[in-house]
Amino acid sequence: MEIRASSDSDLTRISDLETTSFGPSEGPIITVLVNKLLDDPTAQPRISLAACEIERLTGHILFTNAKIEGAPQEISASILAPLAVLPERQRAGIGKRLVTQGLKRLAEEHTDLVFVLGHPGYYPRFGFSPAGSQGLEAPYPIPRKNADAWMVLFLNSKLAGKIQGRVLCSNVLAQPEYWRE
Ligand SMILES: CC(C)(COP(=O)(O)OP(=O)(O)OC[C@H]1O[C@@H](n2cnc3c(N)ncnc32)[C@H](O)[C@@H]1OP(=O)(O)O)[C@@H](O)C(=O)NCCC(=O)NCCS
């Protein structure tokens, strides 16, 4: 399996993957989201990685730019959304490799913090922990019952506990429907 930066020629295959992985109700919404995010200048810098197995695209991950309201300009942040692996290739470590590779690239670009709204049983294995209780609010309020799904990872460990405020995301992601979890 190869993990590589996605290109424009992958767009159709990425859309098919999101639709299949997220299922018939959520899939089409996520597909539109990804297409719009890849086109959104306010989502830059972004990292879009594809997992490929013998010319087949089996996974995709996207990280887009974020900011923290009131934080110094030099603090750089990113949001992981979405991550998808083809159902028949899940639990084979593809998601893990996509997350790990993405975080490695973000660290190389000196990104300080990474956020995700996702399964609280999955992301802590990469070092993510609940963000709200650390004073880092999501772009839109997360329902209390899902509070643990909003997580942060400090790639720059020196900043842990020192940055607080509301996270601002790209224009495309800044819609309440993407923050209901
Ligand atoms: C979540 C997802 C990306 C994981 O990808 P993957 O390639 O199967 O993940 P990995 O092989 O790296 O890891 C498998 C582990 O993740 C766990 N996992 C998978 N989905 C999970 C979920 N929804 N909640 C908690 N853990 C989950 C598995 O139980 C397995 O755990 P184990 O290692 O203890 O057995 C994949 O299941 C997927 O695409 N799901 C549908 C789309 C989706 O929900 N994406 C949003 C992610 S927030």
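**Stop one: the largest pocket**

Start by selecting strand β4, which gives the largest share of the lining of the largest pocket, seven residues. Strands here are DSSP runs of E, at least two residues long, and helices are runs of H or I, at least four, numbered from the N terminus. A heads-up: this is a predicted model, with local features needing pLDDT of at least 70 and side-chain atom pairs pLDDT 80 or more, while totals for chains, interfaces and linings use all residues. Residues are numbered from 1 along each chain, and side-chain values use heavy atoms, without hydrogens and water.

The lining splits into 20 nonpolar, six polar and eight charged residues (Ala, Val, Leu, Ile, Met, Phe, Trp, Tyr, Cys and Pro count as nonpolar, Asp, Glu, Lys and Arg as charged, the others, Gly among them, as polar).

**Stop two: threonine 58**

Next, click on threonine 58, in strand β3 (residues 56-68). Is threonine 58 buried or exposed? Its relative accessibility is 0%, so threonine 58 counts as buried (buried is under 20% relative accessible area, exposed over 50%, partly exposed in between, with a 1.4 Å probe and protein chains only). Beyond its neighbours within four places in sequence, its contacts (heavy atoms within 4.5 Å) include Leu17, Ala84 and Ile94.

Finally, select cysteine 52, buried at 8% relative accessibility, and then cysteine 169, buried at 15%.
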